[in-house]
Amino acid sequence: MKKQTLVIASLFTLVLLFVGGSYFYKNADHSIVGEKTSALMRPHAYVIGNPNAKTTIVEFFDPACETCKSFYPFVKNILKQNPDKIKLVLRYAPFHTDSYYVVAMIEAARLQGKYLEALEVIYKYQDKWASHGTPNIALIWGFLPEVGIDIEKLRDDMKKPEIDALIKQDIADTKTLGVKATPEFFVNGKPLVKFGFKELQALIESEL
Amino acid sequence: MSQPQKSSNLVWITLFLCWLTAMIATLGSLFFSEVMLFPPCVMCWYQRICMYPLAVIFLVALLSNDKNVFKYAMPLVLLGLFFASYHNLLYYGILPEAVAPCSQGVSCTSDYINWFGFMTIQLLSLVSFVIVFILLLFLKRKAS
């Protein structure tokens, strides 16, 4: 074989391997199986929708993450369109600075029966407290009373060791499951391989 | 086959192997970050800066039969070797991570892959740079 032909043939082969490999990787079954399934769902996780629903969406989110905020109404809408069929399990992936404390606030609000209220108000003012470069979670205290959360009680509850343990478990589970970015969705144990609104919708519909 | 012809063939094969190594390392690292979505850490980026141009430099040298490629490639290989060695020392805990520029974002000591119990991404990188380094030294001796 001529030398130049060999070079060009190798180049072609390598690029083809790359493209083919990408295709196979994306289409392969990445379902969470075996011992990892316990990391996907914990009894402590907050569940929206029918707890006995057949289809389970597990979402790992960070309250400071903008994409999580924009996915929240989208997923909620899917839940609304399929009452009884789908449940959403909310898990934490507090990757941003200080997100750990924001998650603790949400969990403490849960003790007052205000989980979703706290989450929604925190998302609502996200651009104010979670601005890039200078996150200021202290601002959140000012927003929470809007939905009737008792701030004094919240501050005390946040220090509870069970809340700390719960968040640490979620963080450990992100490592087990390989969650590296938020939001990360798993529908019936199948991760969203290609990220996007349409892709999530398609994945959910295929599991319904 | 005459002696100079044989030596020139050897040079070409060496250069070809250099290019193959750089090309596989480049596409492999792109596969990790773009397909498997492993975020590259700071150290990985420095090594990429050294490896990616090599894939192009060696290809041009191969196609134009340039014997001077050692001069252009070696500085990048040395830099890459330096970063890859540093990265591996960090990973194996020989250097403390606190002194590394990796405190934010992805840690340079996270484990994404671990083939056969020891093959990590940073070790693959080091091995590629070492291979190219040895091949280039050999090339220099044969070409001059």
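Q: Which strand of chain A do seven bridges join to β2(A), and do the two run parallel or antiparallel?
A: Let's start inside chain A of this predicted model. Strand β2 covers residues 55-61, and one of its bridge pairs links A:T55 to A:I86. Seven bridges in total join β2(A) to a strand at residues 86-92, and the two run parallel, so the partner is β3(A) under the rule that at least two bridges make a pair.

Q: In β4(A), what is the bridge partner of A:F60?
A: β2(A) also pairs with β4, residues 184-187 of chain A, and here the sense is antiparallel. Four bridges hold that pairing. For A:F60, the partner in β4(A) is A:E184.

Q: What is the order of the elements of chain B from the N terminus on?
A: Now over to the other chain, of whose 144 residues 45% count as buried. Chain B has four helices and zero strands. Read from the N terminus, the order is α-α-α-α.

Q: How many salt bridges does the rule find across the interface of chain B and chain A?
A: The two chains bury about 1,600 Å² between them, with 81% of that on carbon and sulfur atoms. Two residue pairs are in polar contact, both at pLDDT 80 or more. As for salt bridges between chain B and chain A, the count is zero.

Q: Which element gives the largest share of the side of chain B that touches chain A?
A: The contact takes 21 residues from chain B and 15 residues from chain A. In chain B, B:W12, B:V35 and B:L63 lose the most area to chain A, together 31% of what that side buries. The elements giving two or more residues to this side are α1 (3-35) and α2 (42-64) of chain B. The largest share, 13 residues, comes from α1(B).

Terms used:
Residues numbered from 1 in each chain as written. Chains lettered and ligands numbered in written order. Predicted model: local features only at pLDDT ≥ 70, side-chain atom pairs only at ≥ 80, totals over all residues. Heavy atoms only, no water. Buried < 20%, exposed > 50% of the residue type's maximum accessible area, 1.4 Å probe, protein only. Contact = heavy atoms within 4.5 Å. Buried area = accessible area lost by both parts, 1.4 Å probe. Salt bridge = Lys/Arg side-chain N within 4 Å of Asp/Glu carboxyl O. Polar contact = N/O pair within 3.5 Å; in protein donor to acceptor, adjacent residues only side chain to side chain.
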